[in-house]
Amino acid sequence: MKKIQIISLFPEMLTGVLNSSMMWKAQQERAVEFKIIQLRDFGLGPRKQVDDTPYGGGDGMLLKAEPLFAAIEQAKAYDSTAKVVLMTPRGRRWLQATAKQWADAENGYIFVCGRYEGYDERIVTLVDEQVSVGDYVLTGGELPAMTIIDSIVRLLPGVLGGEMSAEIESFADGETLEFPQYTRPEEFRGLKVPEVLLSGNHAAIAKWRQDNSHKAD
Ligand code: SAM
């Protein structure tokens, strides 16, 4: 069973995603175990401080090193072979091929969600992978972590209903995109399903699908 731990200041952002649909099913089938670690629990002093101003000046606050180190070390104590993954726009761009590799790997993962202006850079000494979901800036690492975790978990054995569906999805071979699909009714508000898909001609359908596997405009 894949162990996935997530260190965050906003666990409520995670529970809805992790306890719905495929992620919920994956837990029921014991393909994955999720553990959310509240960073605030490792905060300093009576106010459980987790952030502070940056040395050298600048706007905003940074997550402090001490709570992050303590949270990561607790997660490592639970799963010593887990890889520590830091969410950051500076990281390696996330790809379907990486989701597949990580789903196939034996080890678990500890996702660290940044907040505010980021984190004290010293935590990278504990980090195995720095990952970005794209060239834009989000408010925190929770949405990126959910995106990445979803893409991994749905590829774990037994999670997807139709086992073939992951193989024919977009990017499964690195670049090909999935073709457009339709379901009943054949006509809706004057919009018709392409004739060939109703033809029963498997070769013609396969060709149409291949011809239409391209990026949306
Ligand atoms: N000051 C940082 C910068 O300019 O790169 C942005 C900090 S962002 C507001 C707060 C946190 O959200 C980051 O530390 C990171 O954990 C997460 N984050 C934001 N955008 C991300 C992205 N594209 N990919 C992964 N994580 C992201």
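This is a predicted model: local features need pLDDT of at least 70, side-chain atom pairs count only at pLDDT 80 or more; totals for chains, interfaces and linings use all residues.
Okay, let's start with Arg 154 and Glu 169, which pair up in a salt bridge, and their closest N and O atoms sit 2.7 Å apart. Arg 154 is in the loop between α5 and α6, the helix at 165-168, while Glu 169 is in the loop between α6 and β8, so this pair ties together parts that are 15 residues apart in sequence. As for cover, Glu 169 comes out at 22% relative accessibility, so we call it partly exposed.

Go to Arg 93 next. Its partner is Asp 135, with 3.1 Å between the closest N and O atoms. Which parts of the chain does that pair link? Distant ones: Arg 93 belongs to strand β5, residues 83-93, and Asp 135 to the loop between β7 and α5, with 42 residues separating the two. Arg 93 has a relative accessible area of 46%, so it is partly exposed. Asp 135 is at 65%, so that one counts as exposed.

Now for a pair inside a helix. Asp 211 and Lys 207 meet through their side chains in a salt bridge, at 2.6 Å from N to O. Both are in helix α7, which covers residues 202-211, and because they are 4 residues apart there, about one helical turn separates them. Asp 211, at 43% relative accessibility, is another partly exposed residue.

Okay, leaving charges behind, let's look at something nonpolar. Which residues form the nonpolar patch on the surface? They are Met 13, Tyr 136, Leu 138 and Leu 143, and together they have about 360 Å² of accessible area. Take Leu 143 from that group: you'll find it in helix α5, residues 142-153. Its relative accessibility is 47%, so Leu 143 counts as partly exposed.

Last, let's zoom out to the whole chain. The domain assignment gives us domain 1, covering 2-153, and domain 2, covering 176-215. How many Å separate their centres? Taken over C-alpha atoms, the centres of domain 1 and domain 2 are 40 Å apart.

That's my tour, so over to you for questions.

Conventions. Residues are numbered from 1 along each chain as its sequence is written. Side-chain values use heavy atoms; hydrogens and water are left out. Domain bounds come from an automatic or database domain assignment. Patches are made of residues with over 30% relative accessible area and no salt bridge: like charges are joined within 9 Å, nonpolar side chains (Val, Leu, Ile, Met, Phe, Trp, Tyr) within 5 Å. Accessible areas come from the Shrake-Rupley method with a 1.4 Å probe; for residues, only the protein chains shown count as cover. A salt bridge is a side-chain nitrogen of Lys or Arg within 4 Å of a carboxyl oxygen of Asp or Glu. Buried means under 20% relative accessible area, exposed over 50%, partly exposed in between (1.4 Å probe, protein chains only).
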